[in-house]
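Hi everyone, thanks for making time. Let me put the structure up on the screen, and then I'll walk you through a few places in it.

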Amino acid sequence: MKPAFSGADQPSGALIDACVHCGFCLPSCPTYVLWQEEMDSPRGRVYLMKAGLDARAEMTPTFVSHFDKCLGCMACVTACPSGVQYGPLIEKTRAQIERHYERPLGERLFRSILFALLPYPARLRIAMAPLVIFGPLLRALAGVLPRRIRSLIAVAPQPTLASLTTRAPEHTPAVGASRMKVAVLTGCVQRLAFAGVNQATINVLAAEGCTVEAPAAQGCCGALALHAGNIDQARALARHNIEVFERANVDRIAVNAAGCGSSMKEYGELFHDDPAWADRARAFTAKVRDISEVLTEVGEPRAKRHPIKARVVYHDACHLAHAQGVRSQPRALLAAIPGIELLSPAESEICCGSAGIYNLVQPEPAAQLGERKARNIAALEPDMIATGNPGCTLQIAAAGRRLGYSWKIVHPIELIDRSIKGTRERGD
Ligand code: SF4
Ligand code: SF4
């Protein structure tokens, strides 16, 4: 028998052994909630990892499918009373799969295209350009296109010429005396489809007394690659950004995309056995914060908040709430805006189905989870939805459209920016 795992980057036996098989994580796991299958639960997957590590399992299509179906949402980490670190376990398991398992040709091609495009903003800009004009037409024709293309179009952002060509200013001075020097990660999809989120991040940081740097040389943080098992690509992308942000010489690195923030907080672990990079990665990680953490840390707000009268559902992005433990800060910042009625949907701990490239490679369960989330949100009849991750924004928008809702979905930082500027919301 050829053991499932071999060579570098195997999941840690010590981390696996922390699981006591209690099953407390099962009700929080979206795939267990959908299918009630033990091997599609966190406990079942940890059991399979152990079998792979002990050479009791081979890298068969069935073995791989249970890991492919995992969203990597980390709801199990929040639920686990034994502190099982599922994040590094699933990342190393996926690294093993990508190294030792040969996927069917169509799947290999699709994944290769995704990973040749998504982490490279210059290529992604070219790929997204036709959507400026043909996006609505492609959406209208999506029903007759192949399944993979259909799922891609369903969640693709609708860029504008401005969003594709706008670049964040490299240097923005603080309003008043500077309290902190902060660099901003501008991201890949974020900078091309949600350039307004980056500008709002810079505006609010500056208004709150931060000197802001947005280095033009920065690239992708490697989150999508890391979470999908392309660990060597993730390391190459991480090394580049470590070098770029070292040169910026800042106190904090602010991130406004939950998936990016969670992977950047893992750089220490990613390079822990690389003597040339371990210290630099740890120093980098020590500076990384979600934007809501930076605004909490910087101290008493300086900029006056003007009222925004709206019922706002706050959607917890899994890589913010479960992976980074950031739940209270964005809520507190939104609640500080006069007029906002903040709402939390039922099952807020359950993933919306976005999960990096999950909604592209596992479109059916992703769509089911998206619609489940959309129904829970719709029950609250919100004026708008706020969430701190571009993937969640696209996924919830797509699921909402299928159910007949055309919600306004914003990043919390956009609401704070509008509140500081006194911009009116909800057309009132
Ligand atoms: S990461 Fe999410 S989908 Fe995967 S096992 Fe944990 S709870 Fe389930
Ligand atoms: S809650 Fe933690 S210890 Fe219990 S089965 Fe799940 S992963 Fe294992």
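Let's start with one side chain: Phe67 is buried, with a relative accessible area of 0%. Buried here means under 20% relative accessible area, exposed means over 50%, and partly exposed is in between, using a 1.4 Å probe and protein chains only. Before I go on, a word on the source: this is a predicted model, where local features need pLDDT of at least 70, side-chain atom pairs count only at pLDDT 80 or more, and totals for chains, interfaces and linings use all residues. Residues are numbered from 1 along each chain as its sequence is written, chains are lettered from A and ligands numbered from 1 in the order in which they are written, and side-chain values use heavy atoms, with hydrogens and water left out.

Phe63 and Phe67 are 4 residues apart in helix α4 (residues 61–68), so about one helical turn separates them. When I say helix or strand, I mean DSSP runs, H or I of at least four residues for helices and E of at least two for strands, numbered from the N terminus.

How many aromatic pairs does the count come to? The count is 6. The rule is that rings of Phe, Tyr and Trp (its six-membered ring) pair if their centres lie within 6.5 Å; planes under 30 degrees apart are stacked, over 60 edge-to-face, and the rest tilted. The ring centres of Phe63 and Phe67 are 5.2 Å apart with planes at 70°, so that pair is edge-to-face. Ring pairs also bring in Phe5, linking Phe5, Phe63 and Phe67 into a cluster.

Phe245 and Phe284 are both buried. Those two rings form an edge-to-face pair, 6.0 Å centre to centre and 70° between the planes. This one links distant parts of the chain: Phe245 sits in helix α14 (residues 231–248) and Phe284 in helix α17 (residues 278–287), 39 residues apart.

Arg123 lies over the face of Tyr120, 4.1 Å from the ring centre. Then there's Arg280, whose charged end sits over the ring of Trp277 at 4.3 Å from its centre.

Okay, strands. Two strands pair if DSSP finds at least two bridges between them. One open sheet has 4 strands in the order β7-β6-β8-β9, with parallel pairing. At its edges are β7 (340–343) and β9 (408–410), each pairing on one side only. Strand β8 (residues 384–387) runs parallel to β9, and 3 bridges join them. Look for Ile385, whose bridge partner in β9 is Ile409.

Elsewhere, strand β2 (residues 180–184) is largely enclosed by the rest of the structure, because 4 of its 5 residues are buried. It is joined by 4 bridges to strand β3 (residues 210–213), running parallel, and by 3 bridges to strand β4 (residues 252–255), again parallel. Where does Ala183 find its bridge partners? In β3 the partner of Ala183 is Glu213, and in β4 it is Ile253.

Now the ligand. The residues around ligand 1 are Cys29, Pro30, Pro42, Arg45, Cys70, Leu71, Gly72, Cys73, Met74, Ala75, Cys76 and Tyr86; to be listed, a residue needs a heavy atom within 4 Å. Helices α3 (42–53) and α5 (75–79) are the elements that give two or more residues to this shell. By class, the shell has 10 nonpolar, 1 polar and 1 charged residues. Nonpolar covers Ala, Val, Leu, Ile, Met, Phe, Trp, Tyr, Cys and Pro, charged covers Asp, Glu, Lys and Arg, and the others, Gly among them, are polar.

Let's stay with Met74, in the loop between α4 and α5. Most residues other than glycine have a negative phi. Phi of Met74, though, is positive, near 70°, and Met74 counts as buried at 9% relative accessibility. Ala55 has a positive phi as well, near 60°. You'll find Ala55 in the loop between α3 and α4, where it counts as partly exposed at 36% relative accessibility.

That's my tour, so over to you.

Conventions. Lys NZ or Arg CZ within 6 Å of the ring centre and 35° of its normal.
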